[in-house]
There are 2 protein chains.
Amino acid sequence: MRWRNCDADLAAVQVVEKNSSDIRFLFAPRSIAVIGASNDTDKIGYKILCNIVSGGYRGEIYPVNPRGGEVLNRTVYKDIEDVSGAVDVASIVIPARFVLDAVVRCARKGVKFVQIITSGFSETGNAEEERKIVAAAREHGMRVLGPNIFGLYSSEVSLNSTFSATGILPGRVAILTQSGALGIALIGKTAVENIGLSAIVSIGNKSDIDEADLLDYLIHHDTTGVILMYVEGVKNGERLIEALMRTTGRKPVVVIKSGRSKRGAQAAASHTGSLAGSDDIFDAIMKQCGVIRADSIEDAFNWCKFLAFTPKPKGNRCVIITNGGGVGVMATDACERYGVDLYDDQAVLKESFEPVVPSFGSTKNPVDLTGGANAKDYDRALTVPTVSPGIDATIALYCETATFESADLVPMIRETYRKHREAEKPVTYAIVGGRAVEDAILTLRRENIPVYGDVYEAVSSLGMLYRYQRSLSDTCDVTDDAVIDVAAIDRIIDGALAENRHFLLAHEGSAVMRAAGVQIPQTRVARSIDQAVEFAEEIGYPLVLKVVSKDILHKSDAGGVALDIVNKEEVMDAYEAVMHNSRAFKPDASIEGVEVCEMAAKGTEIIVGARRDPSFGPIVMCGFGGIYVEVMKDVAFRGFPFNRAEAMKMLKELRSFPLLLGVRGEPRKDIEGLIEAIITVGTVIRKCPRITDIEINPVVVYEQKRGHKAVDSRILITG
Amino acid sequence: MRWRNCDADLAAVQVVEKNSSDIRFLFAPRSIAVIGASNDTDKIGYKILCNIVSGGYRGEIYPVNPRGGEVLNRTVYKDIEDVSGAVDVASIVIPARFVLDAVVRCARKGVKFVQIITSGFSETGNAEEERKIVAAAREHGMRVLGPNIFGLYSSEVSLNSTFSATGILPGRVAILTQSGALGIALIGKTAVENIGLSAIVSIGNKSDIDEADLLDYLIHHDTTGVILMYVEGVKNGERLIEALMRTTGRKPVVVIKSGRSKRGAQAAASHTGSLAGSDDIFDAIMKQCGVIRADSIEDAFNWCKFLAFTPKPKGNRCVIITNGGGVGVMATDACERYGVDLYDDQAVLKESFEPVVPSFGSTKNPVDLTGGANAKDYDRALTVPTVSPGIDATIALYCETATFESADLVPMIRETYRKHREAEKPVTYAIVGGRAVEDAILTLRRENIPVYGDVYEAVSSLGMLYRYQRSLSDTCDVTDDAVIDVAAIDRIIDGALAENRHFLLAHEGSAVMRAAGVQIPQTRVARSIDQAVEFAEEIGYPLVLKVVSKDILHKSDAGGVALDIVNKEEVMDAYEAVMHNSRAFKPDASIEGVEVCEMAAKGTEIIVGARRDPSFGPIVMCGFGGIYVEVMKDVAFRGFPFNRAEAMKMLKELRSFPLLLGVRGEPRKDIEGLIEAIITVGTVIRKCPRITDIEINPVVVYEQKRGHKAVDSRILITG
């Protein structure tokens, strides 16, 4: 039956070929070879071929095995190069030591994509062989999926080239998974939940093709309504950010990333890193990209299904309709947790719901139909949102009662769901009760109607739809750059590297700040006591004196810092004390002089930083600064693209943001100036690739238009 | 069949009577009357009688209705007073206007408990009638459950006097619910989940009997293993705290309280309250009582079931056993979230698991059996924890694979669960996959084996068991009091009340602090410029001068405060400026003088407070103080009993606790002194009932043994 439309389908594939990028051949190949096809039903080489055939693939199938013969009534080619027609994809299922040779043959044949099922490469330490495979493939313009994968399913051409899953239901959800075991289990779970799939790709070691490549296809694949990704680690994060941002602009992406806990996270070397744990950065960047992150498989599935089948709300005026006060309050709590706004115009609510709510019920939100409500009452009440232009979404709650005939439950929900679909308004149901209620949940979920046994689950799905909606209007796709003197910064870095240093000294850091245009306290390095006095008089009091020595990193510990210097005499005393202490602390230290610094007035202390993240490339950071950084851990992160609006969003994320707005009658602080400093630090990390870490703590922020002072900067560099 | 043991059971009830408190008659009455018994099958008066009879109640049943006749083949008494035998409980199901009369008759008859099903009392504003009912009952020593309830179920005598639930399965979980609708729905859900119930009580308006009374019975009821409470609001919180603490010492209590969100919470008047929202206080007190709080019904049920059936772990050495790395990492994340410790002794793990893990697997924790593991491999691996004295609990994970025969899944889990039961060690399973896996979950859950479809659910249940275990050794049941001069404080309050003030002036607040023994900066009120100079020289510099006037509350705004006064001349200038500004600010203000205060040196700023909470009575509070209070909202609350150990736990809960330990090489602060201050403030709120709110912000805490200074106190009082 399925083969009937084969010609038409192949014609469609050919049209696709002309208009689209290469990656489409992976998802919609006109032909597939199975290298290692086997008659042994226990072997993966049999299972894959069998799944391709029985899955109803609409293209040519070429079994390949040096032994020849037949498999599943198909002639086996001894070599891929013996195949006369073009081969778009080859699935390789032979032992690891033969894979490179097979890849070379595929490349010579002009195969466009190989999917290497075989394991035993970089995941077991054999990274060299994997590199060779990718190099050989790339030389011929061939791309590699895997190795160490279970295969791929693509509904577009009914291709199931996995070795494990059968009877995959076609549908609107695409799954990209880095874990094989979990991926296979997830396919099974989608079938139970009646979640149809548009594609499932096992990406394994990501030796070549990664999530970003696959997203490029899925963005334009109209059948795919939602993308679910299971991620363990990110390579090439900058590309991933771009791909995710493009994708979420068109369809929702839900990600599960394990390794959230400290136990899993690597101890990052620099301070910014230690604050973060890579998971905080991952989390921040997913938010920035408009990606919805789920912790549990349960949530991820619920959300994907809801996002795939629910119309977008036109506004945020939601109503809760219930027959029990208790669950109504629980739903109200859940709405706050998941960012669902409850409609609050009492007059409109009263007018809309008065005709359908009994006198001892409530037309306030939650609308309470009372325990006496039957199916007809629910039907009338749940029709109100579908016909009221003022209501955008509905949360329907039901506690089992004797008044409501259980046989009426399924029809009532089907009918009110249908009305919401027709009105293009979201609705989510939570129903609580015994066997009849549980059966209703199973029945309705199989029909992809969003019915849950728990109030929080029901509301969370709607919350994710709103979260996605908000991200659509809120994603930053251009970077604001500050004007910085890159050449001057490069010269400072050259100087430090010439001394084999991978950090900048305080006065070098100050010089970088100046070259970047960040406001810093005035500072001069004095080589003598007379010069110190001269600089002090120029800068003005109060002052700080600090020893300058590449051999003394922790200046305070060495007695190398003197604070609160208010006159000439104190400058002279402090100069001598700083020099004396430093020499006593480390007699062989090379001392360049003493830095005479303007002492910054008090203000709101913020930390601003940037670093080159091993996964995501340049990132910026800001937070509650000074001595509270490690304690309060009130920090926000962003990757690029990054602009002023995004910097403002970062600041607003901080619990301490009200300090910048001014608390207890204090005036608003110079937020605009602080944003410029963040943008500048971001520009430096992007334009000076030898800088790996910048941290300014504190940036003291003054009143509006009074600017800020970057008091202490710490910059790490690499050759 | 059930009636066979009736005599023996009644004998047991009679023994109970002699040894126990009254409340047992509510749960194990020897006889029950239904006032309003009816032949009309639609009426509640019929349904309740029918449920009592068909539920197999093992005592005497007396239908009462002025019309007489027969109901369900039983003679109907026209009046309760016509019943010749003793009546322990009467269920009242007649219209609200007749209830008071029925209650009076019951009281005269010597009924011990009435349960008033009827609604239409305080919940609809008719509080007066409810008060009369309780007064009439109390006069005769009779107690009242309700009104506005659906009834009660008690497994002890197979009593189902609810009007809604049938076929209730007896078991180990007791449910107390304030919401009728949700309660009825929950009973249904327990049946589906095969959760047996020992009791279910609808508590409705709590006119007389509340949760604390019912807990008194459930504590000693051996059949009850776990108690689930659904709470909307707390009356008489001090009694509830006591009852909960006694109960959790013997069995776990899980609570769902709705109204967590701001939308539901009342705006509390005082500052402490506004920080809290009553939900924060509820949450803190539940933790203090060792109660486990669930947000969702799903979590509450999962946890109750697990707690009811799982042996207590002997230690916190848990292992994760998995066939997939991905779910292993997810479980590791979940362990961190839910406070489950993972065993980390690599040598022991290696020795224990090496014989059962393939060479390419992992004996580290998570123990990875790899995707090749079959049922036998799982059985061997899951036997290890049951025989290893070094392992206390197991988290077993399974991703569906082709290697593992699905028919083996249920038997494998049954068998390994049995071994864990025998070894008295907890185990929790998360299994992910298709239809076979979902069916296994349904089958095994019906057998009360803890199998979940989601890793986080599986781990959360174990986490709650550990949370309960930890609370057992950790609950504070005695109050530490400070020595305070109550008489002196009372005189200050008298003085303020005599002026019709409900707040204390600054110098009065200081006097209260002195009487309580809280360290405060030295301070004297000067009535003249000469006196100010005299006091200044006595106290020493630097100093602060503040105007003292009951008419000027916001002294800074009035220019009534001068800081940083360092010598005699500045005292004179400041005195004149403060007086001048204050008079200019409010010409008719009555000015008592100028307060000359020691200026507290810098230190770590903490807020310490106490108030009389409308639900829970006296509570104490501490947090990150100074200007950061409202911004960082880093505060902790406690009710009473409250002692030094509990105060230390409060401090440790604060994100800012490391500031007290000393960050960046700073010395440890005087935590002991701070704890004394918290204890003292707690003593004041307990012993001075006219004080409603105390807030000291900041308490500046110095280095260890250097004490602290309570810089600014704000005290509210009531007549």
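Two residues are in contact when they have heavy atoms within 4.5 Å. By that rule, 66 residues of chain B are in contact with 65 residues of chain A.

This is a predicted model, in which local features need pLDDT of at least 70 and side-chain atom pairs count only at pLDDT 80 or more, while totals for chains, interfaces and linings use all residues. Residues are numbered from 1 along each chain as its sequence is written, chains are lettered from A and ligands numbered from 1 in the order in which they are written, and side-chain values use heavy atoms, with hydrogens and water left out.

Look at how the two chains are arranged. Two copies of a chain are related by a rotation about an axis and a shift along it. Here, a rotation of 180° with 0.0 Å of shift superposes chain B on chain A, with an RMSD of 0.2 Å. In chain B, the C-alpha of Met632(B) is nearest the axis, 4.4 Å from it. Both copies use the same surface: 98% of the contact residues of chain B recur in chain A.

Now take the interface itself. Chain B and chain A bury about 5400 Å² between them, and carbon and sulfur atoms give 59% of it. Buried area is the accessible area (1.4 Å probe) that two parts lose on being put together, summed over both. In chain B, Arg263(B), Val631(B) and Arg664(B) lose the most area to chain A, together 12% of what that side buries.

Charges also meet here. The rule finds 4 salt bridges across the interface of chain B and chain A. Each needs a side-chain nitrogen of Lys or Arg within 4 Å of a carboxyl oxygen of Asp or Glu. Arg337(B) forms a salt bridge with Asp295(A), with the closest N and O atoms 2.4 Å apart.

Next, step inside chain A. An automatic or database assignment gives domain 1 (10-232), domain 2 (307-474), domain 3 (522-599) and domain 4 (604-717) of chain A. The C-alpha centres of domain 1 of chain A and domain 2 of chain A lie 43 Å apart. Between them, 5 residues of domain 1 of chain A are in contact with 5 residues of domain 2 of chain A. These two domains of chain A bury about 510 Å², 46% of it on carbon and sulfur atoms. The rule finds 1 salt bridge across their interface. In a salt bridge, the side chains of Glu193(A) and Arg445(A) meet at 2.8 Å, N to O.

Terms used:
Least-squares fit on C-alpha atoms with pLDDT ≥ 70 in both.
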